[in-house]
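Biologist: Hey, I'm new to this one. Can you walk me through it?

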Amino acid sequence: MGAQRPPPSAAAAAALLWGFLLPLTAAQEAILHASGDGAPSPSKDYCMLYNPHWTALPHTLENATSISLKNLTSTPLCNISDIPPEGIKNKAVVVQWGTCHFLEKARIAQTGGAEALLVANNSVLFPPSGNKSEFHDVKILIAFINHKDFKDMKQTLGDDITVKMYSPSWPNFDYTMVVIFAISVFTVALGGYWSGLIELENMKAMTNTEDREMRKKKEDYLTFSPLTVVIFVVVCCVMMVLLYFFYKWLVYVMIAIFCIASAMSLYNCLAALIHKIPYGQCTIVCRGKSIEVRLIFLAGLCMAVAAVWAVFRNEDRWAWILQDILGIAFCLNLIKTLKLPNFKSCVILLGLLLLYDVFFVFITPFITKNGESIMVELAAGPFGNNEKNDGNLVEATAQPSAPHEKLPVVIKVPKLAYFSVMSVCLMPVSILGFGDIIVPGLLIAYCRRFDEQTGSSSSIYYVSSTIAYAVGMILTFVVLVLMKKGQPALLYLVPCTLITASVVAWRRKEMKKFWKGNSYQMMDQPDYATNEENPVIADEQTVQQ
C-alpha cells in the first residue's frame, strides 16, 4: 500500500469501459409452489423462468390453479409416441432440455392435453425470447426450472406432487432507485469537492518554491490532454472487443485489477480522513522512513476487505455490500485523481464515450451474428462456448466457469423481492455502472477546480453541474420506468451536464477561459496569477510540454 493511488491507466480503463455494461434484459422470474402428498401436506417454493409475453400467470398463490406433476425426464417428448399410455391430460409435464426444440415439446404436450410444460436442465437459464411464429398454435404455459431443483423436489416431496405457478406483483415504487440516486450524486459531489480542495492546496503551494516542488513530487493528479482522451477511448473500444471474444480469460484480469485498485482507493479515501484525526499518531521507522502505525493497520484492513470480496464475490446475499463500498471508493479516487485540464477535454471525453456507449448498445446488434449487442452480452456474460437455440433461449452451464463471472463494475442494490417469496430466485438488483459515475464526475471535478481558479465564492460551476447530474439521473429513471428496460445512463447524463456547464460559462462571459482552462499548475513559474491573466498563452505552453 505504498502507492497513493491505483494504477491510473488500467484502473481508469477498467472503470470507464466496463462501467457501461448494464444488463438491458431482466429474467422473467416466477414461483413454482410444489406440494407433496401427506398430512400435513409438505410444500416448498422453487424458482422458474417464463416469458410473460407468451403466457400470463396469476399474481398470488391463492389465484393459482393446482396441477398434478408428471415426470417425463426419461423421454425426449419429441414425438407423439413419447407420451406415456396413461396420458398427460391436465398435468404439468417435466421434460429434459435437448433432442428437439422446446417449442416442439410444448406442441406435443399440448396435443396430449397437458396444462404446462416445465423444461428442466442442469443450467443457469435465461428467459425464453424471440417469437413463436412457427409454433403459433402452442398455447400452454412453458417454463424453465433447474434440474437440481426438480431433483430436490422429488427427494423432499416424493413422487406424488402438485404444483401452483404464479408471478408475484412487483411493488409500484422501487426504493432502489432512490438509493442508487443518493449513492451516485453523493459520489460525484464528494469527488468533485475533493478535487477542488487539492486544487486550492496547489494554488497556495505555487507561492512557495519549496512547497511547489513537494507538490510536483506528490503528483496528486493524472492529467488527460485531448489527445490522451482520444487514445484512451480507442483503447476502450479495443478492450471491449477483446473481452467479447476472450471473456473467460480476461474477466479474471478485470477482477484482479478491481481488487487491487479498489483496495488502494479505499485506503486513500480512509487515510485522508485519518490524517484529520490528531490522535494515535505513533510511528515506526523503516529504512529511514517514518510510517504511522495506524496507516499500516488501515492498509491491512483495506486489503482484507478486497480479499473477502474476491473470495465471496458470487455470494448474492451480502457480497454486493462490499462491492458497493469498494466501488464508491474506487469512483471517488478516480474522480479525484484523473484531471481534465479544460472544458475542451471534457467535451471530447464525454462526447466520445457517449458515442461509444450508443454504438456498442444500439449499433452492434446489426453486426454480431446472433443479433445481440456486445454491451448486453458482456453485461450478462457472453456465451461463446454455450448453446444457442434459434434465438429463443440462451443456455449457460451452471458450473462455476468464467462465463458466469460478472464484471465488478457496477453499484448494486437488491430489490424488495429479496425479502419476499421471490428470494428463491436469483436476487433481483438495480445497478448503475461505474462509468456513469466517473465520466460525469470528471466534468464536475473540473468545474469545481475552475471555481477555485477563478475565485468564485458561490461555486456556481460546481453546484450547477452537480444539480444537472442529479436531473440527468432522474431523467434516466423516468425513462427506465416508462420503457421498462435498462437505459444507457450517459445518454441523459452527458447532455444535461455539458449543456448546463456551457450555459453557466456563457452567461458569466467566461466561455473562452472555461474552454481553455487555467494551466498554471503545469508551469514552472510560481506566479499563477500571471498565467490566469493569459490563459491562452498558458495553455499553449502546456501543450508544448
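Modeller: Areas are Shrake-Rupley values with a 1.4 Å probe, and for residues only the protein chains shown count as cover. This is a predicted model, where local features need pLDDT of at least 70 and side-chain atom pairs pLDDT 80 or more, while totals for chains, interfaces and linings use all residues. Residues are numbered from 1 along each chain, and side-chain values use heavy atoms, without hydrogens or water.

Biologist: Okay, which residues make the nonpolar surface patch?

Modeller: Val230, Val234, Val238, Val241, Leu242, Phe245, Phe246 and Trp249, covering about 740 Å².

Biologist: And which helix gives the most to that patch?

Modeller: H6, residues 226-245, with six residues. Phe245 sits in H6. Helices here are DSSP runs (H or I, at least four residues; strands are E, at least two), numbered from the N terminus.

Biologist: New topic: how many salt bridges are there?

Modeller: Six, each a side-chain nitrogen of Lys or Arg within 4 Å of a carboxyl oxygen of Asp or Glu. One of them joins Glu104 and Arg107, at 3.7 Å from N to O.

Biologist: Where do Glu104 and Arg107 lie?

Modeller: Both are in helix H2 (residues 102-111), three residues apart, about one turn of the helix.

Key. Patches are made of residues with over 30% relative accessible area and no salt bridge: like charges are joined within 9 Å, nonpolar side chains (Val, Leu, Ile, Met, Phe, Trp, Tyr) within 5 Å.
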